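Student: I am new to this structure. Please take me through one part of it closely.

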Amino acid sequence: MENKPLPFRFSRFVANLQPSPTLSLNKRAKELGAQGKNIVNFSVGEPDYAPPIQVVESARQALKDGLTTYGPPGGSLKFKDLIRKKFKSDNGLDFARDEITVGIGAKELLFHSMLTLLRENDEAILFAPYWVSYKDQIMAAGGVPKILPLPENPKKDGYIDIPKLKEAINDRTKLIILNSPNNPAGYTLTKENFQEIADVIAPHPIWVISDEIYEYMNFGGAHVSFLNAVPQMRSRTIIINGLSKAFAMTGFRVGYAAGPKKAIGYIKGLGDHSSTCIPPFIEEAAITAMELGFPVMHEKISALRERRDFMMALINEKIKLPYIEPKGAFYLFLDLRPVLAKSKLYAPSDSGGFCAWLLDEAHLAMVPGEAFGSPGYARLCYSTSRSVIEDGVNRLVKALENIK
Ligand SMILES: Cc1ncc(COP(=O)(O)O)c(C=O)c1O
């Protein structure tokens, strides 16, 4: 009998999934690199430096010690207590052990939060530019992303459009997602911003996910945690954080979530039935990182800040395009609309077309704003060396001279 494919419809959860645009761009950049092309890659989304050596040694030792079996689902008590200590000392927040859970990266915890909070056709509000996976995670959970655009002039009007937020809320709105410091725009939100947002949603039965994964990469002053700013939102807020960016541990895959016991219980339950636990030798490394704390990364983060200043100075001097003031994370969100408006080849917001051309012609990879719901912009990652930053900006200058 012939082995024909079944006339099969896959589940509604995956029907609308899009491949991650940042991952596919990185893939194309790597392909060109493999063909011997000298690529400047501003499209990456991770620190370019290694985690602290003590963290690596700790994982190595734990493997030697035989920590190769399943670990405690939702995180060991030791790790959870260190997370609680961190919330207390860095954010002034008290969480009990059953208000914390640990997962395979912030990404898994975000996904399990969507699965926990959303029912079919519930709306979740995203503020563009947003991190790419939120949208697909909302859809995979059966929800509907409602995307609010970046204000036309963010410098003047801010990053969150409060009147638009008010308008967007209806009976189906279940969730809003906040992300400060922000990927891709690098902006940070203030206590006043959070208070304004909380005032709008307080009368409605809406949850908040506050993704604070870039907390330590904050160059504009102390990080403001959502719940520290608006403690009255505690019964309906989940804070997501992790070690990927803070300790340059992206490949270790460790994240944590804090929130009301019931919701955290469900998020943990989803983890129990999917990944079970983080690998125990990884947990040992994560414990070491948390024990060392922020001071161990201080030098690296200062270096990151210098590179941000370097990229900003080069762009101010040579490119003279507007951008969102990057106060945190490690991205600069460049406004390409003034050049696209003059071009005959590209529509005024076609940063996707422009970035594809830039990669093929100038061998410079930047992520187009379309990936984050803000066409007309592009994300440039400055977590790379000064010489690469300089090379990339020079390529961009030349490309802009040749744009048709
Ligand atoms: C805003 C944001 N949230 C979450 C994540 C996922 O982090 P993790 O590596 O902990 O899964 C990322 C990674 O790029 C991110 O940029």
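Student: Which helix lies across S9 and S12, and at about what angle to S9 does the helix run?

Tutor: Helix H13 (residues 298-319) lies across both strands, and H13 runs at about 15° to S9. Some ground rules come next. The model is predicted, so local features need pLDDT of at least 70 and side-chain atom pairs count only at pLDDT 80 or more, while totals for chains, interfaces and linings use all residues. Residues are numbered from 1 along each chain as its sequence is written, and side-chain values use heavy atoms, with hydrogens and water left out. Helices (H or I, at least four residues) and strands (E, at least two) are DSSP runs, numbered from the N terminus. The angle is taken between N-to-C directions and runs from 0 to 180 degrees; axes are lines fitted to C-alpha atoms, for helices over the stretch in contact. Contact means heavy atoms within 4.5 Å.

Now the strands under discussion. S9 and S12 belong to an open sheet of three strands. Its order is S9-S12-S11, and the pairing is antiparallel. Two strands pair if DSSP finds at least two bridges between them. Strands of a sheet pair through backbone hydrogen bonds, either parallel or antiparallel.

Look at the edges of this sheet. They are S9 (331-335) and S11 (367-368), and each pairs on one side only. S12 covers residues 377-381. Five bridges join S12 to S9, and these two strands run antiparallel. Find Tyr331 to see the pairing up close. Tyr331 stands opposite Cys381 in S12.

For contrast, turn to another sheet. Ile125 stands opposite Ile176 in S5.
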